[in-house]
Each structure stands twice: as structure tokens, then as C-alpha cells.
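Subject: Structure handover

Hello,

Here is the structure I promised to pass on. Please open it beside this email and follow along.

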Amino acid sequence: MSEQQDKFQRFKDLHERERAFVIPNPWDAGSARLLESLRFEALATTSAGYAFSKGKRDSFAALGRDEILDNAAEIVAAIDLPVSADLEDGFGKAPETCAQTIRMASQAGLIGGSIEDATGNPDTPIYDLSLAKERIQAAAEAAKELPFLLSARAENYLWGRADLTDTIKRLQAFSEAGADALYAPGLPDIEAIRTVCAEVDKPVNVVMGLTGPRYTVSELSQAGVCRISVGGSFARAALGALKRAAEEVKTYGSFNYSEDAMPGSEISKLMIQDKCDERE
């Protein structure tokens with residue numbers, strides 16, 4: 001069994017547990033190394049966290065497929081864990097573009113990824129269901145030939161379309177199209193989450209750490225959730241700590257923030273030491 005096939009099988013097996021597992025979202029190789037050291041069993045990239053690290057907004061217009069996959073490949077190379085990826089809208093409207101994105105993601109070493117039904121156009125934010133299903137079907141057909149677990153995302157709630165019935169209808173269509181896992185970010189409460197889990201026949205991912213109510217791993221497991229991600233919230237937490245430290249220095253001229261900082265020696269132990277040059 002190849003290393004990538006082994007990672008895929010490990011990732012697939014996580015979705016068959018009774019209790020939900022947490023799949024946190026690093027934004028670069030260093031944050032991935034830290035999360036691996038804490039014994040998480042799989043990681044997922046975050047387009048938001050990556051965008052922030054590059055001084056960009058998290059949007060289709062700002063982020064290209066090549067840079068997203070290059071970032072993901074760096075994370076894959078830095079750790080031994082299975083890595084899934086936020087693949088935005090597949091980086092194009094056409095179903096074949098989504099399929100090609102899946103093939104490229106696999107070539108980058110990823111063993112999973114998500115395709116969403118958001119268009120990026122605020123005037124028509126969500127793809128028509130027929131086209132959205134065709135896009136997932138094309139991605140699923142590509143994934144079947146690979147060690148790759150496809151997640152399909154219904155983005156209604158992130159775009160002001162608080163329609164649970166339509167969201168469930170979309171997730172059911174995506175399951176029928178061949179998606180291995182389903183994801184509707186922004187669901188309003190635990191009852192909505194429980195309803196989604198009961199109405200679909202594939203593992204459900206829920207994101208925590210965004211605005212709105214927050215639930216424990218136990219509560220989400222009891223509601224039927226399989227997988228819990230954190231999106232860009234870890235990256236935002238890191239930026240929040242940076243802002244507080246900088247504001248302390250700027251406002252008070254003090255450096256007490258360093259008391260809570262991770263020691264450099266501890267960080268060094270987690271990082272890869274590559275030889276940069278040859279010295280005689």
C-alpha cells in the first residue's frame with residue numbers, strides 16, 4: 001500500500017467511528033506541525049487562514065487554484081497525517097474544472113477535499129441545484145479513481161439563505177451524485193444540525209469556532225455529527241494574540257505578552273531542520 005493510499009484509508013476509517021473526530025485547520029506547514037504534535041489524527045487546510053497569511057481576503061477573486069494547492073502540498077510534506085483541503089468552488093463553474101481540481105489535489109498529496117455550491121457572485125450567490133449536482137458528480141467520478149474522499153458543501157447559510165429544507169435537499173442531491181461526506185457551514189443551532197444528520201445518508205461535517213452558538217464534541221456527536229472542523233478560527237485566534245501583544249507594546253510600552261508565548265525551544269523541537277547549504 002502506498003503512503004497516500006494508507007493516509008486515505010486512515011482518513012476514511014475516521015468517518016466510520018461512533019464519536020465525532022476533530023479535524024483542525026492549519027494555514028501553513030508550521031501550524032500543521034504544531035497540530036500534529038498535539039495528536040490530532042487528520043488535518044484540513046483553510047482558505048481563510050491561508051488568505052490572511054498572504055494579506056488577502058478569503059474570496060474566489062483573491063485566491064487561485066495553484067497557490068491553494070501549493071500551500072496544501074507544503075502542509076502535506078511537513079507532516080505524516082492525512083490532509084484534506086478546502087477547494088473552494090472547485091476553481092471554476094464547469095463540472096470538468098471541478099474534476100480537474102480533484103485530480104490536481106490528489107497529485108499534491110491530498111487525500112480529501114471539499115467542493116462548495118457558492119458562486120462567489122453576491123447577486124446569484126448559490127449555483128442552481130441542477131448545475132451544483134453536476135459539478136459534484138464530476139468531482140466524485142474523478143475521486144473514484146483516486147485515494148480521495150470528496151466532501152460536498154451547501155453554502156446557503158453563509159450567503160443569507162436560511163432555508164434548512166433547501167439545504168437538506170442540496171445535501172441529499174450531492175450524496176446521490178457521489179459525495180462521500182456532506183457539509184453545510186453556518187447551521188443556526190443544534191436542532192438544525194441534528195435534523196441535517198438525520199435526513200442525509202453520509203457523514204456530516206460541522207464547523208465550530210465561527211460566530212453563533214458553540215457546542216462540545218460530545219454534544220455534536222450525540223446530534224449525529226461525524227467530523228468537526230474549525231475553519232479559519234485557529235488562524236484568527238493567532239492573529240488575535242498578535243494584535244493583543246502589539247497593542248500592549250504600543251499602548252503601555254510593556255512586553256508582558258511574552259509570558260504566554262510559546263517558548264522558542266519548544267517550537268524548534270516541532271519544526272523540520274533541513275540542511276540549507278553544503279559546508280566543508
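Is tyrosine 257 buried, partly exposed or exposed? Tyrosine 257 is partly exposed, because its relative accessible area is 36%. The cut-offs are these: buried means under 20% relative accessible area, exposed means over 50%, and partly exposed lies in between (1.4 Å probe, protein chains only).

Some ground rules first. This is a predicted model, where local features need pLDDT of at least 70 and side-chain atom pairs count only at pLDDT 80 or more, while totals for chains, interfaces and linings use all residues. Residues are numbered from 1 along each chain as its sequence is written, and side-chain values use heavy atoms, with hydrogens and water left out.

Aromatic pairs
The whole structure holds 2 aromatic pairs. Rings of Phe, Tyr and Trp (its six-membered ring) pair if their centres lie within 6.5 Å; planes under 30 degrees apart are stacked, over 60 edge-to-face, and the rest tilted. Phenylalanine 11 and phenylalanine 21 are edge-to-face, because their ring centres are 6.4 Å apart and their planes stand at 80°. This pair links distant parts of the chain: phenylalanine 11 sits in helix α1 (residues 3-14) and phenylalanine 21 in strand β1, 10 residues apart. Helices (H or I, at least four residues) and strands (E, at least two) are DSSP runs, numbered from the N terminus. Both phenylalanine 11 and phenylalanine 21 are buried. Phenylalanine 255 and tyrosine 257 make a tilted pair, 6.5 Å centre to centre with 55° between the planes. Phenylalanine 255 is exposed, at 51% relative accessible area.

The sheet
Look for an open sheet of 8 strands, in the order β1-β8-β7-β6-β5-β4-β3-β2, with parallel pairing. Two strands pair if DSSP finds at least two bridges between them. The edge strands, β1 (21-23) and β2 (43-44), each pair on one side only. β2 is joined to strand β3 (residues 83-86) by 2 bridges. Leucine 43 has valine 83 in β3 as its bridge partner.

The cores
A nonpolar core is a set of buried Ala, Val, Leu, Ile, Met, Phe, Trp, Tyr and Cys residues joined through side-chain atoms within 4.5 Å. The largest one has 62 residues; Leu87, Ile102, Leu110, Phe174 and Ile193 have the most contacts inside it. Helix α6 (residues 129-144) gives the largest share of this core, 8 residues. Another core lies apart from it, with 11 residues, including Phe11 and Leu149. In general, nonpolar side chains tend to be buried together in soluble globular proteins.

Salt bridges
The count is 13 salt bridges. Each needs a side-chain nitrogen of Lys or Arg within 4 Å of a carboxyl oxygen of Asp or Glu. Arginine 10 bridges to aspartate 6, with the closest N and O atoms 3.3 Å apart. Both lie in helix α1, 4 residues apart, about one turn of the helix. Aspartate 117 and arginine 170 also meet in a salt bridge (3.0 Å, N to O). Both aspartate 117 and arginine 170 are buried. Arginine 161 and aspartate 166 form a salt bridge too, at 3.7 Å, N to O. Asp117, Arg161, Asp166 and Arg170 are linked in a network of salt bridges.

Cysteines
How many disulfides does the search find? It finds 0. A disulfide needs two cysteine sulfur atoms within 2.5 Å. The sulfur of cysteine 197 is 9.1 Å from the closest cysteine sulfur, in cysteine 226, so it is too far for a bond.

Best wishes
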